[in-house]
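Trainee: Could you walk me through how to read the features of this model?
Mentor: Gladly; let us take them one by one.

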Amino acid sequence: MEQICLVTTVVDARSVADVLAAAAVAGRLAASAQVGGPVASTYWWDGRVETAQEWSVQFKTSPDRVEALVDHVRVAHPYDVPEILVFTVGSGHPAYQNWVFEQTRH
């Protein structure tokens with residue numbers, strides 16, 4: 001049974017989120033990706049509190065593809081300092097975990 005990693009980010013437009021998701025799956029960096037939103041984000045930027053509407057993207061991948069996926073998201077991301085978070089899932093449905101691993105192979 002293989003582990004799963006979740007990689008998440010947020011962007012400022014649905015179209016950007018869709019492109020990130022599609023490119024990662026097509027390149028087998030992720031087995032799947034979900035786009036959600038919009039979400040209201042509040043954060044510090046340039047010394048002041050900002051608010052923005054953003055779209056989240058959650059990628060499912062195998063541990064050995066995380067570094068390549070993070071590099072892809074960082075390069076393609078429109079933000080100067082993109083939020084890219086990585087979580088390792090400790091357990092899950094074994095068939096799904098194996099599916100994620102198989103789909104991230106070339």
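Mentor: We start with secondary structure: helices (H or I, at least four residues) and strands (E, at least two) are DSSP runs, numbered from the N terminus. By that reading, Y43 sits in strand β2, which covers residues 32–45. Please keep in mind that this is a predicted model, where local features need pLDDT of at least 70, side-chain atom pairs count only at pLDDT 80 or more, and totals for chains, interfaces and linings use all residues. Residues are numbered from 1 along each chain as its sequence is written, and side-chain values use heavy atoms, with hydrogens and water left out.

Trainee: Is Y43 buried, partly exposed or exposed?
Mentor: Buried means under 20% relative accessible area, exposed means over 50%, and partly exposed is in between, with a 1.4 Å probe and protein chains only. Y43 has a relative accessible area of 32%, so it is partly exposed.

Trainee: How do I read the packing of helix α1 and helix α2?
Mentor: Two packed helices are described by the angle between their axes and the distance between the axes. The axes are lines fitted to C-alpha atoms, for helices over the stretch in contact, and angles run from 0 to 180 degrees between N-to-C directions. In this model, α1 (residues 14–26) and α2 (residues 66–76) pack at about 145°, with axes 11 Å apart. The contact, meaning heavy atoms within 4.5 Å, is made by L20, A23 and A24 on the α1 side and by L69, H72 and A76 on the α2 side.

Trainee: What does H72 touch?
Mentor: Not counting residues up to four places away in sequence, H72 touches L20, A23, A24 and L29. H72 and L20 are 52 residues apart in sequence, yet their C-alpha atoms are 8.6 Å apart in space. H72 has 21% relative accessibility, so it counts as partly exposed.

Trainee: And T8: buried or exposed?
Mentor: T8, in strand β1 (residues 4–11), has a relative accessible area of 15%, so it is buried. Leaving aside neighbours within four places in sequence, T8 is in contact with V57, Q58, E83, I84, L85 and F87.

Trainee: How many salt bridges are there?
Mentor: A salt bridge is a side-chain nitrogen of Lys or Arg within 4 Å of a carboxyl oxygen of Asp or Glu. The count by this rule is 4. One of them pairs D18 with R14, where the closest N and O atoms are 2.9 Å apart. Because D18 and R14 are 4 residues apart in helix α1, about one helical turn separates them.

Trainee: Which residue forms a salt bridge with R74?
Mentor: The partner is D71, with the closest N and O atoms 2.4 Å apart. Both lie in helix α2, 3 residues apart, about one turn of the helix. R74 counts as partly exposed at 45% relative accessibility, and D71 counts as partly exposed at 31%. Another salt bridge joins E50 and R48, whose closest N and O atoms are 2.6 Å apart.

Trainee: What should I look for in the backbone?
Mentor: Begin with the cis peptide bond between G37 and P38, where omega is about 5°. P38 lies in strand β2.

Trainee: Where is D46 found, and what is its phi?
Mentor: D46 is in the loop between β2 and β3 (48–61), with a positive phi of about 55° although it is not a glycine. At 60% relative accessibility, D46 counts as exposed. R28, in the loop between α1 and β2, also has a positive phi, near 60°, and is a residue other than glycine. R28 counts as partly exposed at 33% relative accessibility.
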